[in-house]
Amino acid sequence: STTFALLSASIFALQGILLLDEDHWLTDYDLALALYSTSAEAHNGCGVFDQVETCANIVFARARSFEDKLPAYFSLVQVTGTQGRLFDATNLGLDVLQKLGVLLAANPDVEAAMSAIDQTSEMLEAIPTETLIGKKMEDA
């Protein structure tokens with residue numbers, strides 16, 4: 001089942017994080033990024049929201065680029081909305097969109113909203129899916 005798969009993924013990601021050496025963000029950046037991002041995503045699916053926030057905040061502090069932070073932002077926006085904090089989730093999502101170059105008015109009219117949706121769709125089509133939802137790990 002999906003729940004079992006997410007629980008397994010969350011456990012494996014945490015075990016992987018525990019096995020990393022002390023300066024893993026310097027020595028194994030891609031692996032550290034993948035493990036923390038996967039942990040946030042998997043814990044989101046399991047409903048362990050505090051772990052999502054913990055992993056996302058670590059990614060935000062250590063990631064080298066904004067693009068590397070996108071999967072953590074995705075998980076954090078989802079968990080914030082799931083917790084019923086819709087205003088916070090919306091503001092976080094709008095902040096991410098602004099950093100991606102999509103500017104939205106505070107109270108857009110229908111035409112402005114549709115234009116922003118079109119602009120966002122075009123921008124998202126140019127970003128590989130793996131970047132948005134987490135990088136796939138390749139066999140060693």
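A residue counts as buried when its relative accessible area is under 20%. By that cut-off, 34% of the 140 residues of the chain are buried. The model shown is predicted.

Figure 1. Followed along the sequence, the pattern reads α-α-α-α-α-α-α-α. The C-alpha trace spans about 50 × 30 × 25 Å along its principal axes. The close-ups below start with a helix pair, then turn to charged side chains, a glycine and a surface patch.

**Figure 2. Helices H3 and H4 cross at roughly 155°.** H3 covers residues 29–46, and H4 covers residues 49–62. Their axes come within 8 Å. How do the two helices run relative to each other? An angle over 145 degrees counts as roughly antiparallel, so H3 and H4 are roughly antiparallel to each other. The crossing of H3 past H4 is left-handed.

**Figure 3. Glu-53 and Arg-85 form a salt bridge between their side chains.** Side chains of opposite charge can pair when their charged atoms come close. Here the N to O distance is 3.5 Å. Glu-53 sits in helix H4, while Arg-85 sits in the loop between helix H5 (66–82) and helix H6 (86–99), so the pair ties together parts that are 32 residues apart in sequence. Are these two side chains' residues buried, exposed or in between? Glu-53 has 25% relative accessibility, so Glu-53 counts as partly exposed. Arg-85 is partly exposed too, at 35%.

**Figure 4. Arg-85 also meets Asp-88 in a salt bridge.** The N to O distance for this pair is 3.4 Å. Asp-88 has a relative accessible area of 37%, so Asp-88 is partly exposed. Which residues join up through these contacts? Glu-53, Arg-85 and Asp-88 are linked in a network of salt bridges. Arg-85 has a bridge to Glu-53 and another to Asp-88.

**Figure 5. Lys-99 pairs with Asp-95 in a salt bridge.** The closest N and O atoms are 3.3 Å apart. Both residues belong to helix H6. They lie 4 residues apart, about one turn of the helix. Lys-99 reaches 47% relative accessibility, so Lys-99 counts as partly exposed. Asp-95, at 28%, is also partly exposed. How many salt bridges does the model hold? The count comes to 3 salt bridges.

**Figure 6. Gly-93 is a buried residue of helix H6.** The relative accessible area of Gly-93 is 18%. Buried means under 20%, so Gly-93 falls in that class.

**Figure 7. Val-110, Met-114 and Ile-117 make a nonpolar surface patch.** The area of the patch is about 300 Å². One of its members, Met-114, is found in helix H7, which covers residues 110–125. Is Met-114 buried, exposed or in between? Its relative accessibility is 44%, so Met-114 counts as partly exposed.

Technical notes. Residues are numbered from 1 along each chain as its sequence is written. This is a predicted model: local features need pLDDT of at least 70, side-chain atom pairs count only at pLDDT 80 or more; totals for chains, interfaces and linings use all residues. Side-chain values use heavy atoms; hydrogens and water are left out. Patches are made of residues with over 30% relative accessible area and no salt bridge: like charges are joined within 9 Å, nonpolar side chains (Val, Leu, Ile, Met, Phe, Trp, Tyr) within 5 Å. Accessible areas come from the Shrake-Rupley method with a 1.4 Å probe; for residues, only the protein chains shown count as cover. A salt bridge is a side-chain nitrogen of Lys or Arg within 4 Å of a carboxyl oxygen of Asp or Glu. Buried means under 20% relative accessible area, exposed over 50%, partly exposed in between (1.4 Å probe, protein chains only). Axes are lines fitted to C-alpha atoms, for helices over the stretch in contact, and angles run from 0 to 180 degrees between N-to-C directions. Angles under 35 degrees count as roughly parallel, over 145 as roughly antiparallel, 65 to 115 as roughly perpendicular and the rest as oblique. A crossing is left-handed if the near helix is turned anticlockwise from the far one by less than a right angle, and right-handed if clockwise.
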